[in-house]
Amino acid sequence: MVGPIIDAADIVKDYGSARALHGVSLEVGAGEFLALVGPSGCGKTTLLKILAGFEEPTGGRLEIQGKDMRGVPAANRPTRIVFQKLALFPHKTVAENIGFPLKLQKVAKPESDSRVRAMLDLMHLKPEYLTRYPAQLSGGEQQRVALARALVSQPGVLLLDEPMSALDAKLKKSLQAELKKLHREIGTSFVLVTHDLEEAMMLADRICVMRSGHVVQIGTPADIYYRPANMFVAGFIGETNFLPVTATKTAAGATVTSPLIPGASAEIPAEHVSPALSAAGTALLVRPESTRFVKGDASPGEWVLDGEVEEYFIKGASTQYRIRVAGLPAAVVMDLPGSIVLPARVGESVRVGFQPAHAFLLSE
Amino acid sequence: MKKGTADIGNTFGSIGRRSVLKGMGGLGLAAVAGNFLASRDARAAESLNYMCWEGYNAPSILEPFQKQKDASISIDLITDSAGGFAKLAAGASRDFDLVSSDSPWIQRMGPAGFCRFIDEADFAGQFAEFYPQFRAPFAPLAFEGKATGLPTRWGWVGPTVNTKFDKLETWSSYAPVFDSAYKDKICLLDWGDWPIMPLALYAGINPYEELDEAALEEVRKVLRAAFKNTRAIVADLAVAQKGLIDGSFRALIGGGTYATSALRMKGHDYIQSIVPEPKNGLKQGIIWMEATGLIDNGKNSQIAADFLKYIVSPEVAKQLAITEATCNLVPNSKAEALFSEEEKKALQMDYMWTAWDNSQFHTVAPNIDDMLAIWQEELAAR
Amino acid sequence: MQIEQKSWKDPVLIAMVAPLAIVMVVFFLIPLLMTAVLTFQTTQYYRLSWTWNLKIWTEVFSKPHYWTIMLRTVGMAVVCVLLCVLIAYPAAYAMATRLKSYKTQIQILIIFAFLTDAVLKTFGWILILDKNGVANWLLMHIGFPPEMLNLLFSPAGTMIGMVYNLVTYPMFTIYLSLVRIDRDLVLAAYDAGASRLRTFFEVTLPLSRPGLYSGAVLVFVLSLGAFLEPRVLGGGTSPLASELIRQSFETRVNWPLGAALTLVLIAIGALTLAVSAALTLRRRPNQRSAA
């Protein structure tokens, strides 16, 4: 059995008296695509620098491909990084940039040339770009050259430090798709740092959510989205609704009641209950796409809230409603399938329904 | 060029008169400063523009005159006699009223048309106070019987010796300059024609006469021989004096009293300038003299002539003799009574007529440009 | 990379360029032309006469010693550039990398070095280089024979003075271009597998070239005009062009000759710059950073 390609345990990093990482543990499997996400200052970039060898951890253990990385300089690690600002050498041509790692490994010129060309093909760059300088390329092309430079020496792990944050939305989308495809084609482990959870969910096999130097949750995109460890993770992507409830644990899961829906109680199956459930601040996580307008009778088991349309946004494929509900601090957000017929107008009284058994029960 | 405005000599509180050329920038700056002074004192009844060597511009000389005559004086310092002449010749004479420079150049300014000839009778009172050697008719400033200006300062050029290290008798000839025992112990002052003249005299050539090719070749040979033995060719007086005092130079060649008196005045009385003995009938010393002339600028104001009388008067002549940077002799015999014993000793007044008798009188040598070109060539080949 | 293509007839462009163009013409081109015109005249009895002949140029080309001095001046300038760069680069590199926390103090020191009067600094060297000066005193006290160095009044003394007075220029220009290098580029080289030394030669050195070249050009041009150092420290052992030109203008009052020598110096200097530019900038990439 192949062990993890990166095995980090209890990594601590101090800058003077400030602690940037509080004992972070993480494994990255061979060929896996892992995303490190979190708000600015959460420590994800510091962790990446430690992986790359630009920073030495204050404490903990780091093994890459089974070898202890303590004291191993960046140059001797099986990792290659793509920088946020790409860091292409402005005084070298595209060919020289891509071929730089091979030149350092003293790869013979003919072989080096053919590998550079192969990278160029892989990145869908035209051969005439070889003699150009980075400043003569577009942002997307520079991105691909940076990827090619990082991949040409066939690293064990590719590290990506928010490489797409500076691109416009459309270019970003197409490059994200290409990156995913590239990962599947070459099978190298990727570690992507991003503050954009949506990007992480699109690309990564697993996501590691960080906050203030701690790992909050590691899991598949589905885990992170539907079974967040706490409200921080749940709120990190898109918009979501928290319905305050009172929960009682049972053998099958939990029984919840809400002061907003007098007399009603619902059974939440165990797999929809956060393992870290505590008594304080318990809430049902209701995703906006799991709600509907109730006209007529409610479905069996469905909970219904009375409210008034505050605002709506037509987004094309979907229409978003914000419903003011008495007793809730924030408006309830609903994502409904787009339709030529508007289901409700601003100021209209509506009823919002959802299945509590399909929601996720968590606490702060 | 770079650092063109830097005045090397001033930094060390003394000025190499014939040296240390401030460059065009310096001249321009002085002109601007002059104009500024002129405009500031526009209220003064009359203004004088005065081109002169360092020393003539001392406030103790200028201020009493400005008060007495309600005049303002703007100064343009000369850094090179020939350069000053050329500047006036190029048209600057229209802007000046007075000029004090080396006598051969003043002498030429009358015939050249930008200085007024003076009627020596007008200055009979002044001449009467001068030593007999400077009385009218004074040949060194005359051209075909017509005189330009009055003599104002003088001295002699000969070896400047530190008697702590060398006896004066050693320097009764310029021979040590070429003696291998003095290798790397001689300093030539890089002051235009001044170091060339004594070396030519030693070679038996009188540089103040018209020279043929053979004679110029002799000058070249003597310069080449001197350069071989010389430690340094120095333009800055302070550097030369420092070396002389600490003994790294045994003698300065090309200076003389101009390089000596201020040191003696400061107590270095073991430094002395002498004049070598005549060699094969050729006097080896050189007398230099400065004179002050009246520039012909169309205005020809009386006040300029008044200044001429003022600058040679005994009290002012004494001020002119003893300045911060250099100390020099003056032609007015009545000034002698005003000097203290120390000042007389500093000026080597007991030796002055011996020097006079054994010297050539400095004029513009007919072949000076040839000799300067030879100097440049031999220096380049060093 | 978006350089707007504008016509030379664009009135806005002309208006923007005009002040600089006028300044260049008035303060540079016209004086240069006047200098050139002067070389075809002669002087007689210390006065310029408008003769229009080639006498001066014949003299300049027939007397080898003018060329000796000119070539020595260029040679000294080249040596001075090399020494200045060799001293300035490590100093600037240390300032930009190792001594970052003393950045302000170092910059203040450099500015002071610029502001101190060059005349004063040059005279200071006399006290150090003299036979009985500080340098020999120190050497004697650590066991060397007395008066070991004889640097004052030698070409080496001139060179020491020139290097000392000029080394701050490349130090500053190199420092400025070093601190502008994105730290990520250095990290990228390490990441690609380069050692520190290799990174220096592959990334740092090429990217600091603008500062290196501008510093070298500054030193070269200022060295050509070196006046003070040969005068104070050279003792007539290494006459350089500016002193020759001054002598021609002032002592010999031969303005046409001085003008001709000035033009020769400018021409040799420009030629040297052009040749070295052609040699070093053959493969001049677009230095704009990719970001």
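**Exercise 1. How many residues lie between β12(A) and β13(A) in the hairpin that they form?**

Before we start: this is a predicted model, in which local features need pLDDT of at least 70, side-chain atom pairs count only at pLDDT 80 or more, and totals for chains, interfaces and linings use all residues. Residues are numbered from 1 along each chain as its sequence is written, while chains are lettered from A and ligands numbered from 1 in the order in which they are written.

*Solution.* Begin with the strands (DSSP runs of E, at least two residues, numbered from the N terminus; helices are runs of H or I, at least four). β12 covers residues 246-249 of chain A and β13 covers residues 253-257. The two pair, antiparallel, over four bridges; pairing requires DSSP to find at least two bridges. Next, pick one bridge: T248(A) has T255(A) of β13(A) as its partner. Finally, the hairpin has three residues between its strands.

**Exercise 2. Find out whether I205(B) is buried or exposed, and list its contacts.**

*Solution.* First locate I205(B): it sits in the loop linking α7 (196-202) to α8 (213-229) in chain B. Then set aside neighbours within four places in sequence: I205(B) is in contact with A200(B), L211(B), A215(B), E218(B) and V219(B) (contact means C-beta atoms, placed from the backbone, within 7 Å). Last, take L282(B), which is 77 residues from I205(B) in sequence, with 8.4 Å between their C-alpha atoms.

Conventions: Two residues are in contact if their C-beta atoms, placed from the backbone, lie within 7 Å.
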